[in-house]
Amino acid sequence: MFEEDQDVHEVLPKYQSDLLKYNAKTILTSYSLPIFLQAPWIRTLPLRMNSEARRKYLYTRDVMQKVVSERRTDTGKRRHDLLQILIDSADPETGEKLDDEDVISNVLLFLAAGSDTSSNTAFFVLLRLLRDPRVLRALQEELDPLPRQEGGLIPYTRLKDLPYLDAVIKESTRLDPVVGALARQADADMVLAGYHIPKNTIVVASPMAAALGSEWGDPLVFRPERHLGAEGKNEDRIMVPWSLGTRNCIGKTTPFRLPQNFALMEIKMVIGNFLRHYSIEDVPGLVQNEERRAFVTIRLKDEKYTMRIRKRT
Ligand code: HEM
């Protein structure tokens, strides 16, 4: 969008309208897709799509029921994981625990909400690093001196304190937030940023538009350093890849005694350990489509990307 040497403030008005178009397209694609979210009765029609979805849903529930029953009966099978936390958690006032139905529903929700989001985010981090060998090198310099535990993995306690890795992931989620639209329905007439919003209106916010405002200076440039040191403390800048408020991502906050920033730690473990052991580069001469599209989450339009991976010595 920007030409070299162009002043960002000159191009911003055009750029913002491009951005609005992009976001409108993204939002329309993502919201035309799960049509049953807007017209739930479609789910009741005798369509193949519905019977297939039901079959898969029942199969997954069945598998989960077996796993949960096993956990409840066989105390030898206790494990320190998310499922065990759900099974053990009790209401602090009543002591009431979740029944099987609640545990299974939550697990399925975590699977649905936490799979594509995490894997697409990890992929976009790698893609950004492929495009920027300087950042990749700086990140590997941070990772290389870390101790290794059994299996060559970086110890969890050390992963928590890796500022450059944090900054790389932050910068990647700023430019490629995998949730492209946050939708809310107004439960009353209200005025929002000067606009009258009638009750029941669906308002859609775009994490991508929010994270590309002029307050970033060079919003389209991948530059993890902007999240570090004094520059990192600039409170005027906005990014909401995990959403905000009471319905924000529970993979980012701490429900059910989950480790803080569960989803973020997951990405850090994958990227940190992977790049500690492997280097990545593009396949020479192979031209690949990097266009994004929204299919519930944002992903590559072609859903595939080939990169060369080498074991580091
Ligand atoms: C990089 C990974 C992830 C990203 C970028 C992400 C992003 C988001 C965003 C933006 C929302 C809010 C949607 C909205 O406001 O409409 C959300 C909701 C949610 N996320 Fe994540 N998520 C990630 C990983 C995870 C993981 C690993 C889990 C589960 C363990 C998870 C569980 C959930 C749940 C249950 C909700 C719904 C919360 C509610 O409606 O109250 N997410 N996520």
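This is a predicted model: local features need pLDDT of at least 70, side-chain atom pairs count only at pLDDT 80 or more; totals for chains, interfaces and linings use all residues.
Two packed helices are described by the angle between their axes and the distance between the axes. Helix 9, which spans residues 163-175, packs against helix 7, residues 133-143, at an angle of about 145 degrees, and the two axes are 8 Å apart. On the side of helix 7 the contact involves Val135, Ala138, Leu139 and Glu142, which meet Tyr164, Leu165 and Val168 of helix 9. Six of the residues in this contact are nonpolar and one is charged, while none is polar.

Helix 9 also packs with helix 6, formed by residues 116-131; here the axes come within 9 Å and cross at roughly 100 degrees. Because angles of 65 to 115 degrees count as roughly perpendicular, helix 6 and helix 9 are assigned to that class. The residues of helix 6 that take part are Thr121, Phe124, Val125 and Arg128, and their counterparts in helix 9 are Val168, Ile169, Ser172 and Thr173. By class, the contact of helix 6 with helix 9 comprises four nonpolar, three polar and one charged residues.

Strand 6 covers residues 292-295 and strand 7 covers residues 297-300, and the two pair in the antiparallel sense over four bridges. Phe295 has Thr297 in strand 7 as its bridge partner.

Terms used
Residues are numbered from 1 along each chain as its sequence is written. Axes are lines fitted to C-alpha atoms, for helices over the stretch in contact, and angles run from 0 to 180 degrees between N-to-C directions. Two residues are in contact if their C-beta atoms, placed from the backbone, lie within 7 Å. Ala, Val, Leu, Ile, Met, Phe, Trp, Tyr, Cys and Pro count as nonpolar, Asp, Glu, Lys and Arg as charged, and the others, Gly among them, as polar. Two strands pair if DSSP finds at least two bridges between them. Angles under 35 degrees count as roughly parallel, over 145 as roughly antiparallel, 65 to 115 as roughly perpendicular and the rest as oblique.
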